[in-house]
Every structure is written in C-alpha cells, then in structure tokens.
Amino acid sequence: MTHASRGGPCYVYGIVPAAAPVPGGHVAGVGKAGHVAAVPCGRVAAIISPLAADQPLGTPADLRAHASVVDVLAQSAAVLPMQFGGVLADEGAVLAELLEPYEAEFAERLDMLAGHDQFTVRGRYEHDAPLREIVAEEPGVMRLRERLRGKDDAAGQDPASRGEAIRLGELVARALELKQAADTRTLARTLAPHAAAVVEHAPATPGTAADVAFLVARTHRGDFEQAAEELGRAWRDRIRLRLTGPLAPYDFASLQQRWG
Amino acid sequence: MAGARPGQGYLDRPRPSGLAEVIDLILDKGLVIDIYVRVSLVGIELLTIDARIVIASVDTYLRFAEAVNRLDLAQNGPKGLPDLMGSLAEGGARSKTKGALEGVAEKAEDALTGHHGNGESARRERR
C-alpha cells in the first residue's frame, strides 16, 4: 500500500479493507492536490488525497473526481463511500478521529457489503396518468373539478372560485402524496426478495412515483433485474422505471443503519 | 463500474456516470465524517443542491388544480397501438408530450438545471 504524506488537510473518499489495492497515479483526485493514497488502520484503510487548506470544493469536476475514485475502489473491493466533502485536518486526524474509533464497525460493515452492489430504481409517472387516477378515485376531486370547469378563470380573480381551486389542488396534492407512498412501497416490496437490504427515499418531485435503493448480491443480480423488468411491464402506461447500477453502496454506508 | 446495458423495453438503463446521478448519490448519501471535525476546517466551501419541492403552497395547489382541470377525460381509454409503439421507441424517461406533473415540477427542475450551468449562484455554505 502507498502511504499518504503527513501534513495538511486530507480529503476522504471512502473506507476499504486493508488488503484492497490503492488506485494508481492515473486516478485524479478532488481539487488540484496530489495522488490518491491509503491510510491503513487494523483491518481497514481510508482512501484519501492531500488538499490545500484554502481550496474551495464543489465544482462539477470535484464531484466527478469523488465519484470516479469511489467507483475505481468499488471495482476491486468492498467500499464504504464517504459523502462528498469529507475533510480531516491531517493524516493523524484520519487515524485518530475516523479510523481508530470505528475500525471494528467499518470492518464489520465492509464484510456485509462484500460481494454486493447498489442498484437504484426510480419511477416517473407517465404523462398525466396519476392525475387521471386521482380524478377517478377521489369523489371530492371529481366534484370540485366539474364545478370549476365551467368557469373561465378557475384560478383567477373571483375569490370563491379561487378558494375552490386551492381546495381542489390541495386534495390532488394529498392524493398524489399517498399514491407516491403506495407506489414506493410496492416497488420496495416487489424487489426486496432479491436484495440484501432496501432504502426507500421520499419522491423528490411530483412526477416521481418512487425512488428506492437496493443492495444486491452479485449472485442475485440476474433475478433482481428480471423482477425489475417485470414490474416495469406491469406498470407500463402508468410509471416508467429507470434502473441505475451497479453503483457503490452510498445508501448503505451509514453505521447507524441496521439491516441484513 | 460497469456501464448500462440495453434495456429490454420496460426498463430504462441510464449510465450511472451522468453528473445528475453522481450529484444525487454523493451529496446526500454515503458515510459522513463527524460534522464538528469537518467544520473546524475553514475555507472549504461545499455545494449542495436541494431539489425537493415544498408541495404545501397555494401556488402549487393552484397549479395542481389547473392540471386536473385541463385533463380531457374523454381520452381516458386504452392507448392505441401506434401510441404504444411510439412510447416504446422513445425509450427514454421523457415523453414526447410533457405531462401535467412536469409542469408542476418545472420550477424545481429549472432550478436544478440552473445549478448545473452556473455553479457560482448555486453555491452556499452547508450548515
């Protein structure tokens, strides 16, 4: 293993098993700093690169550099990816504040992640499918809609119409939230039998039906993808599914999470 | 990591290396170094993007109402074959015709696109 130079601030990409290979000099790190190196501690090692103290972080190039270093690590060993922006004062701090206090937990988590990849499945509602469902399913929405449709400017000047329009929109927004929660649950439950762990995210936009991360054993990948394809077929015309991966297990790195 | 392979029709397989995918993963997921240790280092500026929409606003409600009012329920029947073939051929997550919900979401997505194009205005100190 290449050892890092002591001294200034260290950018941290992730934690790997101590035996994992360190990416070679061809891998560009965050910022303009030097080469990527390992700081070993017992059964684990932190992958770092030196950083200038006054150097601002956060350009698209920095984000890509972080992601690509983590990707390279994930190709050869289990990795606990750090969130972007993890910086410690120096190499001594990497040992004393990050590795030594958590070595046992990191090693245990890396054992669980070995042989697994993350796959993220997101669903987008097709066109106005969920709105049509809501109008059909919610009598209150249907009624208010019929009342407002006759009027010229439903969201306009007339205070009574405006009040009704707000009420209608509120009903639709609530119904959409319930629909998103139900679709998220369905996605998670349908694919969970093929995954070692599942993390559900709240949909970030009204058009997002579901957003779920799965930790999948490499031996189960085929079954998992098959199940995703079948759900995509069952949901056609309603929800368009996107499957991203294999990814480094960003959603499964937190030590607070309990799973498996 | 390994790239995308062609989808089989009902599943999109984007390459995971796009900047949007990357941002989504590395900015709010992953292991976090103790926040107190991290902020003790001055001069490190972090970019964060929060694309979440606050749904509970009158403005949003009015846009939802408008979207529902514009629906033509007469079109509610099953999609015809040409339509279906068209949407299969597109292969992408984005439909030819923008959905009503896309309109509601527009503001936030514009903001996100703005972040991509113009990093300066998007930057703010985290915490």
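Modeller: Start with chain B and its contacts. Of those with a separation of 6 or more, 68% join residues 24 or more positions apart. Two residues are in contact if their C-beta atoms, placed from the backbone, lie within 7 Å. This is a predicted model: local features need pLDDT of at least 70, side-chain atom pairs count only at pLDDT 80 or more, and totals for chains, interfaces and linings use all residues. Residues are numbered from 1 along each chain as its sequence is written, while chains are lettered from A and ligands numbered from 1 in the order in which they are written.

Chain B has six helices and one strand. Helices (H or I, at least four residues) and strands (E, at least two) are DSSP runs, numbered from the N terminus. The order in chain B, from the N terminus, is β-α-α-α-α-α-α. Chain B has 127 residues, and 22% of them are buried. Buried calls for 20 or more other C-beta atoms within 10 Å of the residue's own, exposed for 12 or fewer, and partly exposed lies in between; the C-beta atoms are placed from the backbone.

Now chain A. Its mean pLDDT (the predictor's confidence in each residue, from 0 to 100) is 88, and 92% of the residues reach at least 70. Over residues 1-5 of chain A, pLDDT is below 50; that stretch still has 14 contacts in the model beyond near neighbours in sequence.

Chain A splits into domain 1 (10-114) and domain 2 (117-252). The bounds come from an automatic or database domain assignment. The domain centres, taken over C-alpha atoms, are 35 Å apart. Six residues of domain 1 of chain A and four residues of domain 2 of chain A make the contact. On the domain 1 side, helix 1 (residues 60-76) of chain A gives the largest share, three residues.

Next, the backbone. Most residues other than glycine have a negative phi, and most peptide bonds are trans. Which residues stand out? A:H127 has a positive phi near 40 degrees. A:H127 sits in the loop between strand 6 (116-125) and helix 3 (129-137) of chain A. A:H127 counts as buried because it has 21 C-beta neighbours inside 10 Å. A:D237 also has a positive phi, about 75 degrees. A:D237 lies in the loop between helix 6 and strand 9 of chain A. With 13 C-beta neighbours inside 10 Å, A:D237 is partly exposed. Last, the peptide bond from A:G245 to A:P246 is cis, with omega near 5 degrees. A:P246 belongs to strand 9 (residues 239-247) of chain A.
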